[in-house]
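Please look over the sequence and the model before reading on. The paragraphs that follow go through the sheet, the core and the confidence of the prediction in turn.

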Amino acid sequence: MSGQPLTSSQKDTVPLPDRIVGAFAMGERIGDLVLRSVLGEGGMGMVYEALDTRLQRSVAVKVPRDAGLAAEQLLSEARALASMRHPG
C-alpha cells in the first residue's frame, strides 16, 4: 500500500528505518495514520504503533493476515472492548 508523502514536520517526528516489517514499511501512511513501529505479532496478524496525524496521538493498529477471516474476530474484540467500563 502506498500512501501520501510525509510532510516535513512528520519526517522530523517519525523514525523511518529502511526495512520492511510485515506488509508495511515503517513511516508508511494508512489514511491519517503513520506507522512507527511493530508492537507485536500473533496468529491473527501484526499490531503496529502509529501516529494519528489528525488527533496528534499514538494509536495501536491491528492488521490481520487475512481480512476475510479476521472480520468476525475483530468485530468480536470491538464488542468486548465496547462493553468494558472504566472508572477513569
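A nonpolar core, as the term is used here, is a set of buried Ala, Val, Leu, Ile, Met, Phe, Trp, Tyr and Cys residues joined through side-chain atoms within 4.5 Å, where buried stands for under 20% relative accessible area. In this structure, which is a predicted model, the largest nonpolar core has 10 residues in all, namely Phe24, Met26, Leu33, Leu35, Met46, Tyr48, Ala50, Val59, Val61 and Val63. Strands β4, β5 and β6 each supply at least two residues of this core. As background, nonpolar side chains in soluble globular proteins tend to be buried together.

Four strands form an open sheet in the order β3-β4-β5-β6, with antiparallel pairing. Strand β3, residues 29-30, and strand β6 stand at the edges and have a single partner strand each, so one side of each is left without a neighbour in the sheet. In general, the strands of a sheet pair through backbone hydrogen bonds, either parallel or antiparallel.

Strand β4, which covers residues 33-41, pairs with β5 in the antiparallel sense over 7 bridges, and a hairpin of 3 residues joins β4 to β5. Two of the residues bridged to β5 can be named: Leu35 has Ala50 as its bridge partner, while Glu41 has Met46. On to the next strand, β5 and β6 (residues 57-64) pair in the antiparallel sense over 8 bridges, and the bridge partner of Ala50 in β6 is Val59. The hairpin formed by β5 and β6 has 4 residues between the strands, and Gln56 in the turn shows a positive phi of about 55°.

Why is strand β5 largely enclosed by the rest of the structure? Of the 8 residues of β5 (residues 45-52), 7 are buried, and therefore the strand is largely enclosed.

The structure holds 1 aromatic pair, formed by Phe24 and Tyr48 in an edge-to-face arrangement with 5.8 Å from centre to centre and 90° between the planes. This pair links distant parts of the chain, since Phe24 lies in strand β2 (residues 24-25) and Tyr48 in strand β5, 24 residues apart. Both Phe24 and Tyr48 are buried.

The other residue is Glu49, which also lies in strand β5. Is Glu49 buried or exposed? With a relative accessible area of 16%, Glu49 is buried, because that value falls under the 20% cut-off. The side chain of Glu49 makes a polar contact with the side chain of Ser58 at 2.8 Å. Leaving aside its neighbours within four places in sequence, Glu49 is in contact with Val34, Leu35, Arg36, Ser37, Leu39, Ser58 and Val59.

The chain averages a pLDDT of 75, and 70% of the residues score at least 70. Among the elements of the chain, β4 has the highest mean pLDDT (92), whereas strand β1, residues 20-21, has the lowest (44). Over residues 8-21 pLDDT stays under 50, although the model has 22 contacts beyond four places in sequence for these residues. Where pLDDT is low, the predicted coordinates should not be read in detail.

Notes
Residues numbered from 1 in each chain as written. Predicted model: local features only at pLDDT ≥ 70, side-chain atom pairs only at ≥ 80, totals over all residues. Heavy atoms only, no water. Buried < 20%, exposed > 50% of the residue type's maximum accessible area, 1.4 Å probe, protein only. Pairing = 2+ DSSP bridges. Phe/Tyr/Trp six-rings, centres within 6.5 Å; stacked < 30°, edge-to-face > 60°. Polar contact = N/O pair within 3.5 Å; in protein donor to acceptor, adjacent residues only side chain to side chain. Contact = heavy atoms within 4.5 Å. pLDDT = per-residue confidence, 0-100.
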